[in-house]
Amino acid sequence: VRMGIVQGQVSGEGGKFSLVDYRDDLDKTSDSISKLKTAYDKFLKGDLDDSDLFKLIYDKDNGFPELANYIGNLEEGFKAIADSQIDTVLDKLADVDIDGLSESDLESYNRLKNYLESIKNSFDDASAAQERLYTSAHCP
């Protein structure tokens, strides 16, 4: 999941809103979510071993130490961490005065927000798909 949509500039009333200002936040969030999503998919398939989990939690530069709090419920942990990281960026975007944006700028802004929301939803969708597979395999 790579957010390659951080290149436009949006002008707002009383100043400028530039997506470039959010590049670092979006790139960091993108890299983090991509790593989480890959691990989450492995977890849902039953392929996430203890070594992978240890690296995911304790990686010095890109780890998720908060995941240790969810050892008994990793699915919830993956979702909570992804939601938190995306919400941080969405909160920053919420400060933008959208009333001052042109129609095309507003469209770009909304595309970015919708994209971030879709990433959050992808964790729920993967979980729901896994649950449907489990139910169909175990319930006649």
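In what follows, contact means heavy atoms within 4.5 Å. With that rule, S32 touches F64 and Q85, not counting residues up to four places away in sequence. S32 lies in helix α1, where helices (H or I, at least four residues) are DSSP runs numbered from the N terminus. S32 is buried, its relative accessible area being 12%; buried means under 20%, exposed over 50% and partly exposed in between, with a 1.4 Å probe and protein chains only.

Colleagues, a word on the source. This is a predicted model, in which local features need pLDDT of at least 70 and side-chain atom pairs count only at pLDDT 80 or more, while totals for chains, interfaces and linings use all residues. Residues are numbered from 1 along each chain as its sequence is written, and side-chain values use heavy atoms, with hydrogens and water left out.

Let me turn to the packing of α1 and α3. Their axes come within 10 Å and cross at roughly 165°; axes here are lines fitted to C-alpha atoms, for helices over the stretch in contact, and angles run from 0 to 180 degrees between N-to-C directions. The two helices are therefore roughly antiparallel, the class for angles over 145 degrees, whereas under 35 counts as roughly parallel, 65 to 115 as roughly perpendicular and the rest as oblique. The crossing of α1 past α3 is left-handed, that is, the near helix is turned anticlockwise from the far one by less than a right angle. Among the residues making the contact are S32, L36, Y40 and F43 of α1, and F78, A82, Q85 and V89 of α3.

Next, the aromatic residues. Ring pairs link Y40, F43 and F78 into a cluster. Rings of Phe, Tyr and Trp (its six-membered ring) pair if their centres lie within 6.5 Å; planes under 30 degrees apart count as stacked, over 60 as edge-to-face and the rest as tilted. The count comes to three aromatic pairs. In one of them, F54 and Y58 are tilted, at 4.7 Å centre to centre and 40° between the planes. Both residues belong to helix α2, four residues apart, about one turn of the helix. F54 and Y58 are each exposed.

Finally, the charged side chains. How many salt bridges does a search of the whole structure find? The search finds six, a salt bridge being a side-chain nitrogen of Lys or Arg within 4 Å of a carboxyl oxygen of Asp or Glu.

One of them joins K35 and D59, with the closest N and O atoms 3.5 Å apart. This pair links distant parts of the chain, 24 residues apart: K35 is in helix α1 (residues 23-45), and D59 is in the loop between α2 (50-58) and α3 (74-94). K35 is partly exposed at 29% relative accessibility, and D59 is likewise partly exposed, at 32%.

K42 and D52 also form a salt bridge, at 2.9 Å from N to O. Here too the pair links distant parts of the chain, K42 in helix α1 and D52 in helix α2, ten residues apart. K42 is partly exposed, with a relative accessible area of 31%.

A further salt bridge joins R111 and E107, at 3.1 Å from N to O. Both residues lie in helix α4 (residues 103-138), four residues apart, about one turn of the helix. R111 is partly exposed at 48%, and E107 is partly exposed at 47%.
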